Amino acid sequence: MRLSIVILNWNGSAYLQRFLPVLLRHTPADGVEVVVADNGSTDDSLAVLERDFPTVKVMPLERNYGFAEGYNKALFRLESDYFLLLNSDVEVTEGWLQPLLDYMDGHDDVAACQPKIRSCHRRTHFEYAGAAGGFIDRLGYPFCRGRVLGTVEEDRGQYDTVADVFWASGACMLVRAGDYWAAGALDAGFFAHMEEIDLCWRLRSRCRRVVCVPQSVVYHVGGGTLAAESPYKTYLNYRNNLLMLYKNLPEDDLREVMRCRYFLDYLSALHLLLTGRFRNAFMVFKARHDYKRLRPKYASKRHENMQRTVVQSIPEVLPRSLILRYYLHGVKTYRKLTGQ
C-alpha cells in the first residue's frame, strides 16, 4: 500500500458523520486506504462506521490509549510507504492530498509534511494547532506561521510558499513510515499533546526535514477532545513540554533552559490563580511535580537522542524568548517575530 490515511477516533461519531464523507469524496482510491482506529469509544462510532462507511477499514482498539500510543498501535498493524495522521475533526478540500504526496515523492530528505490548516469556525483565518507550520523558541514554547501564542492571523496568502518548519501538526501530518519508526514513533508516555513536536524534534536532530506545503488546504475544528480551558489539557501541555525539553535539548542548553522554565511556569501558575482559574493553576504545579518524578524514567530516551543527534543547532528554533517578545515588545505575528 502506498498510503494509509489513519483517523484515530474517540467518541467522535458526529465528526465521522460530518467529515468522513468529504474525505472519501476528495481522496483518490488508487493505492490509498482510509482507516479508522477506534480508541475504545463508548458512543455509537463503531455502529456508524459499520452502517454508513463500508469501504473504510475499521480497527477497534481495546481502550482509550491516548493520541500517541493509539496511533502507534494502529500504525504498527499497517504496511504502507506513507502514513497520514488525520484528526476526525478535519475537513479536507478538493485536491488536498496530491501536493503533499508530490512534494514527499520529489524530496527524499523530507520525513514529514503538513498542509495549510485553516479554522473551521473562522474559515478566513488560520487554525491554532498547526496553521502554516510549527516552530519553537529556545525555551520550548511552540508557535506557527500564522499563529503566535493567542494571536491567530487571517490567511491573506502571506504564507503560501513551501517552508521548512520545526514541527508538523498532528491534526494532519504525512510522514514516511520508515522515518516514523526509525525515530522511535510517538512517545506513548505523553498520552496526548506535544507528541508530534517531540517526534519532529527527533527527526530534525537526525537531519531529516519537516515542511509545510500550503498548496494543500484543510480546515480543522480544533479542541474536539479537550476544551481550550481544560485543566487536564493544561496539565498535559506543561508536563509533556518539560519532558520533551529534557529528552531533546543539547547538554549545553539544558540547565539554563530549565532554570528559565522554572521561573516562567510558576509565573504562569500565579497568573492563572489571580485570574480565578484555580484548577488550571493547580495543574501547572502538578505537571512540574510529575515531570520531576518521571524524569529518571526518561534518562535512557535522552541518552539515545543525544547519541543519534546529528544537527545540534536547528535553524527552525527561534534563538530568542517568544514570551518576552510577545508580552513585553508586542510582537505578535510570525513575520515580525522572525523577520521572514
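**Close-ups of a predicted model**

**View 1. An aromatic cluster of five residues named here.** Phe126, Phe135, Phe143, Tyr159 and Tyr334 are linked into a cluster by ring pairs. Rings of Phe, Tyr and Trp (its six-membered ring) pair if their centres lie within 6.5 Å; planes under 30 degrees apart are stacked, over 60 edge-to-face, and the rest tilted. By that rule the count is 17 aromatic pairs. A quick note on ground rules: this is a predicted model, where local features need pLDDT of at least 70 and side-chain atom pairs count only at pLDDT 80 or more, while totals for chains, interfaces and linings use all residues. Residues are numbered from 1 along each chain as its sequence is written, and side-chain values use heavy atoms, with hydrogens and water left out.

**View 2. Phe166 meets Trp201.** This aromatic pair is edge-to-face, with 5.5 Å centre to centre and 70° between the planes. Phe166 lies in the loop between β11 (163-164) and β12 (172-176) and Trp201 in helix α6, so the pair ties together parts that are 35 residues apart in sequence. Helices (H or I, at least four residues) and strands (E, at least two) are DSSP runs, numbered from the N terminus. Phe166 is buried at 0% relative accessibility, and Trp201 is buried too, at 7%. For these labels, buried means under 20% relative accessible area, exposed over 50%, and partly exposed in between (1.4 Å probe, protein chains only).

**View 3. Tyr326 and Tyr327, an edge-to-face pair.** Here the ring centres are 4.9 Å apart, with 75° between the planes. Tyr326 is buried at 8% relative accessibility, whereas Tyr327 is exposed at 59%.

**View 4. Charges over rings.** The charged end of Lys73 sits over the ring of Tyr65, 4.8 Å from its centre. The test: NZ of Lys or CZ of Arg within 6 Å of the ring centre and within 35 degrees of the ring normal.

**View 5. The second largest pocket.** About 380 Å³ of space lies in this pocket. Of the 21 residues that line it, Leu249, Pro250, Asp253, Gln312 and Val317 are the closest to its centre. β7 (134-137), α6 (195-205), α7 (231-248) and α8 (251-274) are the elements that give two or more residues to the lining, and α8 gives the most, with 3. The lining divides into 11 nonpolar, 6 polar and 4 charged residues. Nonpolar covers Ala, Val, Leu, Ile, Met, Phe, Trp, Tyr, Cys and Pro; charged covers Asp, Glu, Lys and Arg; the others, Gly among them, are polar. On a 1 Å grid over the protein atoms alone, a pocket is an open set of points where a 1.4 Å probe fits, with protein on both sides within 12 Å along at least five of seven lines; lining residues have an atom within 4 Å of a point. The volume is the space filled by probe spheres set on the points, which are joined across faces, edges and corners.

View 6. The structure holds 0 disulfides (cysteine sulfur pairs within 2.5 Å). The sulfur of Cys113 is 8.4 Å from the closest cysteine sulfur, in Cys172, too far for a bond. Cys113 is buried at 0%, and Cys260 is partly exposed at 29%. Ala131, in the loop between β6 (110-119) and β7, has a positive phi near 45°. Met194, in the loop between α5 (177-182) and α6, has a positive phi of about 75°.
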